[in-house]
Amino acid sequence: MSASYPVVDIHTHMYPPSYIKLLSSRTTVPYIYQPTEADNSPDSDPRLIILASDDDPSRPKASRGRPVDSTYSSFDQKRSFMKRHGISCSVISLANPWLDFLDPESALETAQGINDDLETACAKNNQSSDHGSLKLYAFGCLPLSAPAKDIVSEIKRLKTLKHVKGVIMGTTGLGKGLDDPDLDEVYSALASTSTLVFLHPHYGLPDSAFGGPEVVARSGHVLPLALGFPLETTIAVARMYLSGVFDRHPKLQFLLAHSGGTIPFLAGRIESCVAHEREFVANGGHRQGPQRSIWDVLHTNIYLDAVIYGQPGLRAALEAAGSVDRIIFGTDHPFFPPLGNEHESRWLSVESNKGAIDGTFPHDEEAKKQILGGNAVRVLGLDI
Ligand code: URA
Ligand code: ZN
């Protein structure tokens, strides 16, 4: 990819060294396992065991989960990946499962430490002449297991960090999902500070949805990542919409990972089911139901990334978003690396996302320019 305009990657993760240390200190999911000689493992890379299905007790620890090499925590490797793919700016975010698992007492301090690490790394990168024009910004993380007042205070503090351009979070909220009324205080703080929320899945669906753990295990990470992740996002956003979050907080701004899961494909069906639901007040029933149309929410509160790996998905995202202006390029680096020793080559995962954009807009350079960089610069206020 060599474009004559800025290419910005807004879906690109890191486990900064402080987070790797935190995961390495744990022995239950999520954790990092460092193989020892006793494991007799052919591969000495530590293992990242973050999904419940990763921690299969019938397998030796040294082969559970996935290898986690330095691409996950090294800023140099992030920069060399950017150069290889013609990316001029990355908005890095902590990868899943963020701080969801922390006890309430340590959550705020840990979030502050990680957010400060991200801010410092981005500032150092952007001030250094060693990295040419490569720029780094970040999405901060929130101490979601802490009391709401701590979450709100971190949302406000993040606005003072120059390189933090929003927050990343998962779908559990305070533990009961994103339609939890107790989140209203947090949503108010996000809306009043104009903080963009990058919503990203982690938990997928229970193994039973796929036919049980044996069925899941037969295809490794394929079912949880290809279907579980997008459906988790779909359910989370549908619940927010149905519970009136966007009615009560019309200024909320969400960026949905993986082009919104299946929300673009299912939005019409959701709208139709709402219009036919007798229990809703608008249809003569006794429950409030959503007051705004899902299309209105998609066109005013939601941005979709372009991490969908194919033209049909990208076209659905584009239709649902209502405009090229709401679709933003991403890579999901360092996940989905080439499987052999071809870390130096271009990544299939990136090329297929880029190919979907090229194939959808073969003759529209302006649309490509917006999706690949212009939208991110405008929405996040990036200085590049
Ligand atoms: N992409 C992510 O962001 N996280 C995963 O765990 C896998 C793919
Ligand atoms: Zn991701």
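I began with Asp76 and Arg79, whose side chains meet in a salt bridge, N to O at 2.8 Å. The model is predicted: local features need pLDDT of at least 70, side-chain atom pairs count only at pLDDT 80 or more, and totals for chains, interfaces and linings use all residues. Residues are numbered from 1 along each chain as its sequence is written, and side-chain values use heavy atoms, with hydrogens and water left out.

I noted the rule: a salt bridge is a side-chain nitrogen of Lys or Arg within 4 Å of a carboxyl oxygen of Asp or Glu. Side chains of opposite charge can pair when their charged atoms come close.

I looked up where the first pair sits. Asp76 and Arg79 are three residues apart in helix α2 (residues 75–84), about one helical turn. Helices here are DSSP runs (H or I, at least four residues), numbered from the N terminus.

I checked accessibility next. Buried means under 20% relative accessible area, exposed over 50%, and partly exposed in between (1.4 Å probe, protein chains only). Asp76 is exposed at 53%, whereas Arg79 is buried at 11%.

I moved to Lys149 and Asp150, which form a salt bridge at 3.2 Å, N to O. Lys149 is exposed at 57%; Asp150 is buried at 15%.

I then found Asp358 bridged to Lys354, with the closest N and O atoms 2.9 Å apart. Both lie in helix α12 (residues 348–360), four residues apart, about one turn. Asp358 is partly exposed at 27%, and Lys354 is buried at 12%. Salt bridges link Lys354, Asp358, Glu365 and Lys368 in a network.

Note on methods. Chains lettered and ligands numbered in written order. Helix = DSSP H or I, 4+ residues; strand = E, 2+ residues; numbered from the N terminus.
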